[in-house]
Amino acid sequence: MSDWTAVWLTLRLAAVTTLLLLLIGTPIAWWLARTRSWLKGPVGAVVALPLVLPPTVLGFYLLVAMGPSGAVGAVTQSLGLGLLPFTFAGLVIGSMIYSLPFVVQPLQTAFETIGERPMEAAATLGAGPWDRFFTVVVPLARPGFLAAIILGFAHTIGEFGVVLMIGGNIPGTTKVLSVALYDHVEALEYGAAHWLAAGMLLFSFLVLLAMYSRGLRAAELR
Amino acid sequence: MVASRVLLAAGCVACFTHAGAGEVQVAVAANFAAPAKQLAERYARASGHQLSLSTGSTGKFYAQIRNGAPFDVLLSADDETPRRLEQEQRAVGGSRFTYAIGKLVLWSSSEGVVDAKGDVLRRAAFKRLAIANPRLAPYGAAAQQVMEKLGVWSALQDRLVQGENIAQTYQFVSTGNAELGFIAYSQIREPGKSPAGSSWLVPQALYAPIQQDAALLQRGAGNRAAGQFLEFLRTAAARELIQAYGYGLP
């Protein structure tokens with residue numbers, strides 16, 4: 001059934017996006033939490049910007065930017081990668097921009113809460129910067145990481161406007177769950193739409209429930 | 001007495017219920033947005049009634065109308081939706097008529113991509129061809145019929161990208177992300193200007209006519225201005241303007 005293709009595609013998109021966002025978002029959040037540079041304000045604002053634009057508008061500008069006459073499109077074409085719209089890679093990039101604040105902000109808050117002192121203490125015990133980050137910061141910021149993963153993943157699962165604009169509705173490549181669901185609604189196939197919507201809600205509830213309960217238990221153990 | 005009238009007036013402003021006499025809420029299919037705006041201006045000037053236009057996809061309007069959306073008139077992208085609304089008694093019986101016949105065009109925003117006979121489809125020297133979703137949009141269904149008639153439908157499957165509606169399909173092509181695409185002729189046809197890029201106006205024999213029907217909705221049944229607007233759509237002046245935007249007429 002084509003809806004299962006969409007389910008699998010959506011899970012893959014959300015997983016890849018969340019993973020990449022953790023890799024990129026962690027250093028950004030760390031820098032934002034620690035820096036005293038005047039750039040902190042502007043960078044923080046840019047990170048939060050995807051919250052402001054309506055997703056379809058964001059998608060439209062991505063379509064223009066990644067197109068043949070756009071700046072991003074010029075770069076990808078000169079690198080021999082072709083154009084990004086209507087590809088899975090294009091969706092990943094769009095989703096990363098769209099979900100960026102949902103990953104960076106919980107991490108930034110967590111890093112700020114930890115403060116400087118645990119790091120300083122570890123430094124006096126002779127731990128190097130990487131060692132300090134992974135053995136001191138990461139365990140202490142665990143709730144922040146958990147929140148970042150949950151929000152990044154869930155936000156990408158529910159993403160619609162950006163995908164609609166740059167996806168082109170290609171089964172198995174860009175036709176994600178929300179678009180398939182919308183398709184059913186527009187075609188007046190309300191029965192199929194209800195099943196898909198109910199399944200999506202139930203699945204998300206279970207995932208969120210599992211993550212939140214684990215997070216709570218971890219917090220209690222500490 | 002005066003106080004209660006003030007309250008009543010305030011209530012009306014606050015609750016946005018039925019628009020007062022002389023105001024018509026029109027739901028317009030996305031492909032007809034530009035001519036509808038012109039028509040609304042002319043009608044307002046001639047009659048003094050105000051039209052408020054909402055553009056969107058016909059499928060969405062159908063769902064909204066079924067759930068009590070405050071529209072008096074529907075200018076649909078197809079003939080099926082008004083018929084269904086009439087069967088469900090959400091449109092006034094006998095009010096339906098064809099206000100425009102849509103024409104399909106194969107278009108590229110670059111010169112020299114689409115030839116005057118549409119042979120570009122057989123040569124297939126392109127990566128992406130945009131169409132509107134054939135399940136949702138009449139222009140998408142027409143595009144599918146054309147490609148089937150030409151025997152290229154299955155060969156082109158992996159190059160198709162679908163817009164949710166015809167406006168989005170136009171965006172895919174106009175931004176160059178798809179080299180070419182099937183759109184509504186009215187989208188590239190501005191009265192008095194020749195279309196940019198290259199195009200092939202698809203012969204009518206290759207697809208079933210895209211009849212775009214209008215209907216008076218139940219909510220507009222008592223609204224004189226709504227009925228008059230539908231009459232206005234049938235006048236020679238309105239028909240001329242509709243044709244100037246590249247539509248056919250019955």
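This is a predicted model: local features need pLDDT of at least 70, side-chain atom pairs count only at pLDDT 80 or more; totals for chains, interfaces and linings use all residues.
Two residues are in contact here if their C-beta atoms, placed from the backbone, lie within 7 Å.

## Two domains in chain B

Chain B is divided into domain 1, which takes in 18-101 together with 210-244, and domain 2, which covers 104-201. Taken over C-alpha atoms, the centres of domain 1 of chain B and domain 2 of chain B are separated by 27 Å. Where these two parts meet, the contact takes 10 residues from domain 1 of chain B and 12 residues from domain 2 of chain B. On the side of domain 1 of chain B that touches domain 2 of chain B, the residues divide into 6 nonpolar, 3 polar and 1 charged.

## The sheet S7-S6-S8-S5-S9

In chain B, 5 strands form an open sheet in the order S7-S6-S8-S5-S9, and the pairing is mixed. At the edges of this sheet are strand S7 (160-163) and strand S9 (198-201) of chain B, each of which pairs on one side only. From one strand to the next, the twist averages 30 degrees.

As background, the strands of a sheet pair through backbone hydrogen bonds, either parallel or antiparallel. Strand S6 (residues 129-132) of chain B pairs with S7(B) in the parallel sense, over 4 bridges, and within this part of the sheet Ala130(B) stands opposite Val161(B) in S7(B).

Helix H7 (residues 166-174) of chain B lies across S5, S6, S7 and S8 of chain B, and its course runs at about 145 degrees to S8(B).

## The sheet S2-S1-S3-S10-S4

Another open sheet of 5 strands in chain B has the order S2-S1-S3-S10-S4, again with mixed pairing. Strand S2 (50-56) and strand S4 (97-102) of chain B stand at its edges, and because each has a single partner strand, one side of each is left without a neighbour in the sheet. Neighbouring strands of this sheet are turned by 20 degrees against each other on average, direction ignored.

Which sense of pairing joins strand S3 (residues 73-75) of chain B and strand S10 (residues 210-216) of chain B? These strands pair in the antiparallel sense, over 3 bridges, and the bridge partner of Leu75(B) in S10(B) is Ala214(B).

Helix H2 (residues 33-47) of chain B packs on this sheet, where it touches strand S1 (23-29), S2 and S3 of chain B, and its direction makes about 175 degrees with that of S2(B). Helix H9 (residues 224-233) of chain B lies across S1, S2, S3, S4 and S10 of chain B, running at about 150 degrees to S10(B).

## Helices packed on helices

| Helix pair | Angle between axes | Axis distance |
|---|---|---|
| H6(A) (117-124) and H7(A) (129-140) | about 150 degrees | 10 Å apart |
| H2(B) and H10(B) (236-244) | roughly 155 degrees | within 10 Å |

Because angles over 145 degrees count as roughly antiparallel, H6(A) is roughly antiparallel to H7(A), and H2(B) is likewise roughly antiparallel to H10(B). H6(A) passes H7(A) in a right-handed crossing, and the crossing of H2(B) and H10(B) is right-handed.

Pro118(A), Met119(A), Ala122(A) and Ala123(A) of H6(A) make the contact with Arg132(A), Val136(A) and Leu140(A) of H7(A); by class, this contact has 6 nonpolar, no polar and 1 charged residues. In chain B, Pro35(B), Gln38(B) and Leu39(B) in H2(B) meet Ala238(B), Leu241(B) and Ile242(B) in H10(B), a contact with 5 nonpolar, 1 polar and no charged residues.

The secondary structure of chain A comes to 11 helices and 0 strands, and its C-alpha atoms fill a box of roughly 65 × 45 × 30 Å, taken along the principal axes.

The contact between the chains takes 16 residues from chain B and 17 residues from chain A. On the side of chain B that touches chain A, the elements that give two or more residues are helix H3 (58-66), S7 and H7 of chain B. H3(B) gives the most to this side, with 3 residues. By class, the side of chain B that touches chain A has 4 nonpolar, 8 polar and 4 charged residues.

How values were computed:
Residues are numbered from 1 along each chain as its sequence is written. Chains are lettered from A and ligands numbered from 1 in the order in which they are written. Two strands pair if DSSP finds at least two bridges between them. Axes are lines fitted to C-alpha atoms, for helices over the stretch in contact, and angles run from 0 to 180 degrees between N-to-C directions. Ala, Val, Leu, Ile, Met, Phe, Trp, Tyr, Cys and Pro count as nonpolar, Asp, Glu, Lys and Arg as charged, and the others, Gly among them, as polar. Domain bounds come from an automatic or database domain assignment. Angles under 35 degrees count as roughly parallel, over 145 as roughly antiparallel, 65 to 115 as roughly perpendicular and the rest as oblique. A crossing is left-handed if the near helix is turned anticlockwise from the far one by less than a right angle, and right-handed if clockwise.
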